[in-house]
Amino acid sequence: MLVIGIAGGTGSGKTTVVNKIISSLPAGEVAVMPQDSYYKDSSHIPPEERSKINFDEPDAIEWSLLVEHLRRLKEGETIQMPTYSYLTCTRQPETVEVTPSDVVIVEGILVLTDPTLRSMLDIKVFVDADPDDRLIRVIARDCIERGRTPEIVINRYQDILKPMHMQYIEPSKRHADLIVPQGGSNIVAINLLTDYIESRLRHGSMRGVTTQC
């Protein structure tokens, strides 16, 4: 099993990179574990307070459960991955069954911040993008998918997303084996990454070399 961690700021293009990796490999060879699925449950917090939760700091994630689930996958076990609703800011009763696969991708803004999780990753990727481009994507996503107004999104970006990015996410870049500039639009870097993944799958668990495309 090859375990890949893909981190980067909100709106950097991580999902695009993940989807291109999946499409480059045979169907069924890739399992994805989104960091967002492991946000701590907030159902005990009054609804009017949940909107104030800081989702961009490491303490918002239940790392112990994510690490345990990844360990079990590596041992050949099937897991029931939790699901999380951004509309209610609560963990949902439904789970997603994830079976061991040749490639497991752990994706999320804070993936490279946790030392225990980092130690379990064979390839560590940081998807980089211009802050203005990220903000535009965040506004479009949050207004459409999460029911927020542009004003709310911009205020949250200034008050939480940007400070947390500089405090936690940007520094985690130093742990990456591969930095992908220009986000999901960097076809050259993504092709190099997918070629490397295919090579690792063919030739075993040879360790990588720190690289910037």
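Colleague: Which residues do ring pairs link into a cluster?

Modeller: Ring pairs link Tyr-39, Phe-55 and Tyr-84; rings of Phe, Tyr and Trp (its six-membered ring) pair if their centres lie within 6.5 Å. This is a predicted model, in which local features need pLDDT of at least 70 and side-chain atom pairs count only at pLDDT 80 or more, while totals for chains, interfaces and linings use all residues. Residues are numbered from 1 along each chain as its sequence is written, and side-chain values use heavy atoms, with hydrogens and water left out.

Colleague: How many aromatic pairs does a search of the whole structure find, and why is the pair of Tyr-39 and Tyr-84 called tilted?

Modeller: The search finds three aromatic pairs. The ring centres of Tyr-39 and Tyr-84 are 5.6 Å apart and the planes stand at 55°, so this pair is tilted: planes under 30 degrees apart count as stacked, over 60 as edge-to-face and the rest as tilted.

Colleague: What makes Tyr-84 buried?

Modeller: The relative accessible area of Tyr-84 is 14%, and buried means under 20% (exposed is over 50%, partly exposed in between; 1.4 Å probe, protein chains only).

Colleague: Why is the pair of Phe-55 and Tyr-84 called edge-to-face?

Modeller: The planes of Phe-55 and Tyr-84 are at 75°, with ring centres 6.1 Å apart, so the pair is edge-to-face.

Colleague: Why is Glu-198 called partly exposed?

Modeller: Glu-198 has a relative accessible area of 24%, and is therefore partly exposed.

Colleague: What is the nearest side chain of opposite charge to Arg-118, and how far away is it?

Modeller: Asp-114 is 7.2 Å away, and the buried Arg-118 has no salt bridge (a side-chain nitrogen of Lys or Arg within 4 Å of a carboxyl oxygen of Asp or Glu).

Conventions:
Lys, Arg positive; Asp, Glu negative; His and termini not counted.
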